[in-house]
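Hi there,

Here is the structure I promised to pass on. My notes on salt bridges and pockets follow below it.

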Amino acid sequence: MRAVQVQEYGGPEVLRTVETEVPEPGPGQVSVDVAYTGVNFADLKARGEGYRVPSLPFVPGLEVSGRVRALGEGVSGVEVGQEVAALTNGGAYADVVVADATTVFPLPSGVDLRTAATLPTVLPTAYALVHAVGRLQPGEMVLVQGAAGGVGTAVGQLAKAAGASGVFGVVSGAAKAKYALDHGYDDVFVAPSTNSTASTNSTASTVSAGFVDEVRAATGGRGVDLALDPVGGETFRASLASLAVFGRLVSFGNASSAEPWRVGQPELYPTGLSVSGFSILTLAQTAPDALRALTEQAFAAVAEGVVSLPVTAEFPLEEASEAHRLMGGRTSTGKLLLRVA
């Protein structure tokens, strides 16, 4: 079968299509004939700096749609040939991938395989940020970094559906601002991107943190109740400074490759702020039952038409490097897919 391997860390050019053996599912696992694979920023960090890579060579990819190929010992709830979406622990840039049965989900009625590939990482993450972790209440205001990306696109719609009185986004360009305004945002602030210098191997760039004054102005000086940050570094600190009294900040990534954030009494005590974190990949390992419940709720929101995630670009598997170049160039919006079968 075909697989796209990382044999050394570097830019998009290190992604190479190779022929390799078809993986077999072990106990509690399912193998899937892949139809589509979702491209995520975590894939770029894996390729560029070894994020969550156990060893080389490595096949990136965290989410797929396809049909069940084979079942490992003890697996129930899905059948061979059934259409599914799956969250994987890597290996999804391939014709066949193996996933734990707890992270393999039958498709909701009316959801096709192309749409299904956009769901396993982005939709549960967005749903958790708004509901399970962010605990957004009707009438509250929310600020979202990367508002035109996959998670940002879903969050804007989910926040509106949850009754937010103001949904504000931060993006790196005017075209992205227009896109975000079409997907649930009331106002979008354009902050120019600056290249990250935190890691010489990083393909990440960050958004300038010069949005605090604009947020304060848009909220009448009050600030937002909930801020969602996948960037880290200066952007994390600026998001914290954008919070209203008793505001909440959820960190769900470190695209800047900055030093891990630290926050304590001096920042939190004066106005009763709180900071929490979320990683769907970690949740899959530590609390698979919670992940499954979260994913089922997120998929239901898609089936009911509450939220949709546009596929804005699609590439053949062999052109995975082009998908990485597009995402790494910070011009993409919505969701990028690899077409496998």
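Lys178 and Asp182 form a salt bridge, with their closest N and O atoms 3.4 Å apart; the term means a side-chain nitrogen of Lys or Arg within 4 Å of a carboxyl oxygen of Asp or Glu. Both Lys178 and Asp182 are exposed, on a scale where buried is under 20% relative accessible area, exposed is over 50% and partly exposed lies in between (1.4 Å probe, protein chains only).

Before going on, a word on the source: this is a predicted model, in which local features need pLDDT of at least 70 and side-chain atom pairs count only at pLDDT 80 or more, while totals for chains, interfaces and linings use all residues. Residues are numbered from 1 along each chain as its sequence is written, and side-chain values use heavy atoms, leaving out hydrogens and water.

The structure holds 16 salt bridges. One of them joins Asp95 to Arg2 at 2.8 Å, N to O. That pair links distant parts of the chain, 93 residues apart: Arg2 sits in strand 1 (residues 2–6), and Asp95 in the loop between strand 5 (83–87) and strand 6 (96–100). Helices (H or I, at least four residues) and strands (E, at least two) are DSSP runs, numbered from the N terminus. Asp95 and Arg2 are both buried.

Another salt bridge pairs Arg114 with Glu314, whose closest N and O atoms are 2.6 Å apart. Here Arg114 is in helix 2 (residues 113–116) and Glu314 in strand 16 (residues 311–316), 200 residues apart. Arg114 counts as partly exposed because its relative accessibility is 34%, and Glu314 is also partly exposed, at 26%.

Now the pockets. A pocket is an open set of points on a 1 Å grid over the protein atoms alone, where a 1.4 Å probe fits, with protein on both sides within 12 Å along at least five of seven lines; lining residues have an atom within 4 Å of a point. Volume is the space filled by probe spheres set on the points, which are joined across faces, edges and corners.

The largest pocket has a volume of about 1,000 Å³. Its lining has 43 residues, with Phe41, Ala42, Val151, Pro230 and Phe252 nearest the centre. Among the elements that each supply at least two lining residues are helix 1 (41–49) and helix 4 (150–161).

The second largest pocket holds about 230 Å³ of space. Its lining has 14 residues, and Leu87, Thr88, Asn89, Asp100 and Gln285 lie nearest its centre. Strand 6 and helix 9 each supply at least two of the lining residues.

Best wishes
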